Each structure stands twice: as structure tokens, then as C-alpha cells.
Amino acid sequence: MSVAVVRRTGLACLGLVAVAVVIVLARVSASAPPPVGVLEACVNPGNGNMRLVGPSTACHNNESRVSWNVEGPVGPAGPPGPPGPPGPAGQDGEDGEDGEDGEDGEDGADGSAGPPYIWVCTPGNLDYGNNPQAEVSIFNGGNATATLSTHFLNKIGVNVSGGPVPLSNPPATYPGETGANTVTLASKNTLILPFLLGGGLRATDNTMMASVEVTSDQPIVVGMQMANGPLNAVPCNALPK
């Protein structure tokens, strides 16, 4: 028999033995604990015999040592599977009880819907020429210091604060803030603004104040009185929101 035939026969036997070992290992792995990561064996190239050995067991002189991993590298992820069938519909929940209707809140006299709080006093002049005294009183009813402005407005809405009071003697000016200026008023304090009533007619003189407008970032109350003989209180009203 030639050497080539012997070699072919040995390799064929070696392959059969390897297949048998794999089958045996598969059966053992089904019932035994997970194997170690690497298997080692001694192979006799002359007769094709192969035997599993431990890491510390030496092979015979006529054997060659081989080893292989128990598990190969992780393969790439497969494509996503088709979507599953829809699940059954859930049960309908019970109807909740109807809540009771809340009571309507009363309208706040100070414009309690939130800032800005705006109050208007009108009329602001009695159209007399004897310059009687008058005053505007502003009460800060909020819990924080108020930032506010008082504007003395003529009949077309122009702010005449800081301007001359018509026919005043001695000459006087209207109080209040000009432009975007503001003042502060501590909580529960009252700001009193005295002024002179001008002489003339509000309907024809645009230098004469016709109404007073007070704007605040805190809830306020505003009142005005004009001293023409007996005290003459003029109502001031919060603008509706």
C-alpha cells in the first residue's frame, strides 16, 4: 500500500473521529454544565485516533496537540421578524361620575382677575374758577409693595400730570407721573395726592384734567374728593377685566 493511500485513510478516519466527538459533546452539553471555553485533544496522525485531554495532560510522542473554541464568534443580527398579530381589545373602563358644578365667583370690586389693576375717577374737575382743593387717595390692599402710576388725563386721554392747572392762583401743577415713570407704595399704606381744581371748561380746554387713571401691579382701592363747600366725594371705579 502506498504512503499516499495511508495518509488519505488516516485523514478520513480523523474526520470521522472529529464528527463523533462533536456528536458526543452535543449530547453531553444537553445534560452537563456549560463546558469550558476551549477544548484540547491529542491526535495520532498515524491511525487518526483523537482523545480529549485536560490542559495539564501531555500528549504522547506520536501525537499532536490540537485545541478549538467551544463557541464561535457572535454572528450579525438577523433581519427583524414580521409583526405579530394584534392582541385582543381591552375591556372598557367604567364611566366616571360627573363632578358637581362649581359656584360662580363674585366679581371682585378691585379687579381681582390679576394685574394690572386700573382705577378711574371721573369727573376730575367741577369747572369752577375759584381753585378749590381736591385730592386723590390710593390704598394698597396687596400684601407686597405696589408699583403704580397716577395720570391726570384731559378729555382726549392726554396725560397732563406735571402740567399747569388752568387759572390756578398762585400757579400750580397737576400731580402724578409723567411718561413711563412710576412710584412705590408699601402694603396697607395710603398715598394722598392733593391738587387744585382748574378754572375753565373740561369740554373745551385740553390743558384741564377730566379724569384720573391709576394703574398698579397690586390690588388697590382709589377714591377722590373735591372740596367745593361741603366735601364732595367722587366715585372711582375699577375697570372691568
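View 1. From the N terminus on, the elements run α-β-β-β-β-β-β-β-β-β-β-β-β. That makes one helix and 12 strands in the protein; helices (H or I, at least four residues) and strands (E, at least two) are DSSP runs, numbered from the N terminus. This is a predicted model, in which local features need pLDDT of at least 70 and side-chain atom pairs count only at pLDDT 80 or more, while totals for chains, interfaces and linings use all residues. Residues are numbered from 1 along each chain as its sequence is written, and side-chain values use heavy atoms, with hydrogens and water left out. Of the 241 residues, 27% count as buried, where buried means under 20% relative accessible area, exposed over 50%, and partly exposed in between (1.4 Å probe, protein chains only). Among contacts with a separation of 6 or more, 71% are between residues 24 or more positions apart; a contact means heavy atoms within 4.5 Å.

**View 2. Arginine 65 meets glutamate 40.** Here is one of the two salt bridges counted in this model. The rule asks for a side-chain nitrogen of Lys or Arg within 4 Å of a carboxyl oxygen of Asp or Glu. In this pair the closest N and O atoms are 2.7 Å apart. Arginine 65 belongs to strand β3 (residues 64-69) and glutamate 40 to strand β1 (residues 38-43), so the pair ties together parts that are 25 residues apart in sequence. Arginine 65 is partly exposed, at a relative accessible area of 37%.

**View 3. Glutamate 63 and arginine 51 form a salt bridge.** Their side chains meet at 2.9 Å, N to O. Glutamate 63 sits in the loop between β2 (50-53) and β3, and arginine 51 in strand β2, 12 residues apart. Is glutamate 63 buried or exposed? With a relative accessible area of 15%, glutamate 63 is buried, whereas arginine 51 counts as partly exposed at 29%.

**View 4. An open sheet holds five strands.** Their order is β7-β6-β9-β4-β12, with antiparallel pairing. Two strands pair if DSSP finds at least two bridges between them. At the edges are β7 (183-185) and β12 (236-238), each pairing on one side only. Neighbouring strands of this sheet are turned by 30 degrees against each other on average, direction ignored; axes are lines fitted to C-alpha atoms, for helices over the stretch in contact, and angles run from 0 to 180 degrees between N-to-C directions. Strand β4 (residues 117-121) pairs with β12 over three bridges, in the antiparallel sense, and tryptophan 119 stands opposite alanine 238 in β12.

View 5. Three bridges join β6 to β7, in an antiparallel arrangement, with leucine 185 in β7 as the bridge partner of alanine 146. With strand β9 (residues 211-216), β6 pairs over six bridges, also antiparallel; there, threonine 150 has valine 214 as its bridge partner.

**View 6. Histidine 151 is a buried residue of strand β6**. This strand spans residues 146-153, and the relative accessibility of histidine 151 is 16%. Its side chain reaches the backbone oxygen of glutamate 177 at 3.5 Å. Not counting residues up to four places away in sequence, histidine 151 touches Asn159, Ser161, Glu177, Gly179, Ser211, Val212 and Glu213.

Key:
Polar contact = N/O pair within 3.5 Å; in protein donor to acceptor, adjacent residues only side chain to side chain.
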